[in-house]
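Please take a moment with the sequence and the 3D view before reading on.

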Amino acid sequence: MRHLLFDLRRSVSSTNRNARSATVMGRLLGVAFVVCILTGLYSHFLQQPYSWMHFPTHPVSLYKWSQGVHITVGIACFPLLLGKLYTIFPQLFQSPPIKSIGHVFERASITLFVSSSLVQIFTGLLNTFQYYPWPFPFKQVHFALSFVIIGSLAIHIALKLPLITRYWTAKRSYDANGEFIPPESDLVPVTPRKQALERLAALGVDPTSAAFQRDLDDPTVVLDAEVSSAAFEARRPKGFVARIFAWIDDTPSSPAKTSRRGFFTAVTASTVGVVALTAGQSFKPFDTINVLAPRQQGLGPNDLPINRTAAAAQVLETAMDPNWGLTISKGAFSVRLSAAQLLALPQHQADLPISCVEGWSQMATWRGVRLVDLVALVDADASASLKVTSLEKKGGYRIMMMGSEYVHDPNTLVATHLNGERLDIEHGYPARMIAPGRPGVLQTKWLSTLEVL
Amino acid sequence: MTASASSESVLATSPSRGVFIGRVALIVFGAALTLLGAYVMMTTVKPKNIVGVITWLIGALILHDGIISPIVVGIGIGLKRVGRRIPASVLWIVQGAVFVGSVFTLVVVPEIIRKAKIPKNYTVLPFDYAPRLAILWGVIVVLTAVVIVVVLRVRRRSPVDHTPAA
């Protein structure tokens, strides 16, 4: 078994699969994962805040940036994670497979880390285009796995710390020829056959040469004892598996510097590539090279993409009802405004982004009545928060809670116009909420009631 | 080969007490966070769906470690064997190009599959992703060829660093 593990390990070894490459990739991936969990937690608490939580309303694009970064970095994790796993593949064949209780713990935590990370980035990517081909709820599992990933990452870093510090700099990782200096505790033994081949080479004998083969087969030629014993040990092994390993063993490895350059160039190129060709869904400068993203800025009614359609929300009739009215209430006191009355109130304009939790975002120009003016109609005070209800028949965001920081921000509008036109039904006709720095799912469309708390 | 060096505790190689405490703290923090994740999972996801999560976690491991990685290793070894007379740099350019194309494919194929199912919202997945992916592969092939030509030209001019793969 140990022989098999060593054979496997040697076979999958390459000049790039070493602790230095793993450290370099690990640093990049570690930064990416930390960025993802921080932006992810911010997004989570914006949507499910504790009662004591308050959030900044400036800069108005804060969430557009934080969530755009979350998704873009998440996409960059594909090449980074695959590159990282490439560098550590030989570690799969450790010998002995289990050394101690601590080692069991280590391998279990790394297994959990790898599988959770793979599932996390893949399901996260598919969520950005509303595709859910798996037997579990996305949001809850994405949230729970994020803790598992960061937790097992912390364990992984703690256990690998000696290796990480040992190989932190390139200078200490490579010898004068640019070859990797392996850690002493992690040497894979060279096979007797390889040693014999090296001995032959040291004696100046090329075992593959036709002349040597002739000498070997000729009983009249007397070979030096050292040469003949080495030649005996250097024979090609018999048996299918042994032959395959010998074949792989005889495969020369490419020069360390060349393969290193090749590996890191490939990882860099693919990371830059996937980011550049998808980031246009969140960041305007990349819009012209948006080739692969699931969203395109400017596409949709009122020149803006849609997330939840009016048909899905089942508001096609209620939103078009000519008797629609917006009810604003505080306790028993309430005011009902028709569409005409709403449009007759002082109108204000604000440039605010729609920033979807799925990562895409776009700036837009909104016009409508300031929310703070509307809640003043029912004598709301400065600490008032709001319970907002949509015409939607069902759905997790039919009812939306709004903290006082948003209610009293002059940029928060009950919008009736978008990009110079009357709001399209897909964007929340007759009126919708738009507040600075919040996820799109909380920018409630097809407003029905505003209840001051 | 004895396993003496590796049979010690995984933590035993720490050089100082401070580092040791730091590592233990990191492990405790990590274990606590992992347990928190498990707790969140247990309290917010139905048991039937947790089985689904576990299935996917195991499936991801099998897919990566059991299928994708051996294929990648095989391609690497195969290229080196077959390409004994081809310079290592050229082999690496080809492997790198395949990696870049594969990453693009991995990201785009789910979009193609999703788009094929009747979309209810035309602003989600607005492009024709399959032709775009094909063009991208074309671009990669052309760029790879150009880079190989340039690299070979440079090599021919400087005969010092001739290091073939074989």
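The sections below take up each chain, then the contact between the chains, and then some local details.

## Chain A as a whole

Please keep in mind that this is a predicted model. Chain A holds 14 helices and 10 strands. Its C-alpha atoms fill a box of roughly 115 × 45 × 40 Å along the principal axes. The radius of gyration of chain A is 32 Å, whereas a compact globule of 453 residues would come out near 22 Å.

Of the 453 residues in chain A, 42% are buried. Counting contacts between residues at least 6 apart in sequence, 72% of those in chain A join residues at least 24 apart.

## Chain B: helices from end to end

What does the secondary structure of chain B come to? There are four helices and zero strands, and from the N terminus the order reads α-α-α-α. Chain B has 166 residues, and 22% of them count as buried. Among its contacts with a separation of 6 or more, 60% are between residues 24 or more positions apart.

An unreviewed UniProt entry annotates residues 20-41, 53-78, 90-113 and 133-152 of chain B as "transmembrane region". Two of these spans can be set beside the model. Residues 20-41 of chain B are 100% helix and 0% strand, with 31 Å between the end C-alpha atoms. Residues 90-113 of chain B are also 100% helix and 0% strand, and here the end C-alpha atoms are 34 Å apart.

## Where the chains meet

How many residues of chain A are in contact with chain B? The count is 75 residues of chain A, in contact with 68 residues of chain B. On the side of chain A that touches chain B, the elements giving two or more residues are helices H3 (62-88), H4 (101-127), H5 (138-166) and H11 (256-278) of chain A. H5(A) gives the most, with 17 residues. Sorted by class, this side of chain A has 49 nonpolar, 23 polar and three charged residues.

## The annotated domain of chain A

Residues 322-452 of chain A carry the annotation "domain: Oxidoreductase molybdopterin-binding" in an unreviewed UniProt entry. In the model, this span of chain A is 12% helix and 43% strand, and its end C-alpha atoms lie 25 Å apart.

Strand S1 (residues 325-330) and strand S2 (residues 333-338) of chain A run antiparallel and are joined by six bridges. Lys330(A) stands opposite Phe333(A) of S2(A). Two residues lie between the strands of this hairpin, and Gly331(A) takes a positive phi near 60°.

## A closer look at Gln443(A)

Gln443(A) sits in the loop between strand S9 (432-434) and strand S10 (447-452) of chain A. Is Gln443(A) buried or exposed? Gln443(A) counts as buried because it has 24 C-beta neighbours inside 10 Å, and the cut-off for buried is 20 or more.

Which residues is Gln443(A) in contact with, leaving aside neighbours within four places in sequence? They are Ile354(A), Arg432(A), Met433(A), Ile434(A), Ala435(A) and Arg438(A). For a sense of distance, Gln443(A) and Ala158(A) are 285 residues apart in sequence, and their C-alpha atoms are 42 Å apart in space.

Key. Residues are numbered from 1 along each chain as its sequence is written. Chains are lettered from A and ligands numbered from 1 in the order in which they are written. This is a predicted model: local features need pLDDT of at least 70, side-chain atom pairs count only at pLDDT 80 or more; totals for chains, interfaces and linings use all residues. Two strands pair if DSSP finds at least two bridges between them. A residue is buried if 20 or more other C-beta atoms lie within 10 Å of its own, exposed if 12 or fewer, and partly exposed in between; C-beta atoms are placed from the backbone. Two residues are in contact if their C-beta atoms, placed from the backbone, lie within 7 Å. UniProt positions are given in the numbering used here, feature names are shortened, and annotations may be inferred rather than shown by experiment. The radius of gyration is taken over C-alpha atoms; the globule rule is 2.2 Å times the number of residues to the power 0.38. Ala, Val, Leu, Ile, Met, Phe, Trp, Tyr, Cys and Pro count as nonpolar, Asp, Glu, Lys and Arg as charged, and the others, Gly among them, as polar.
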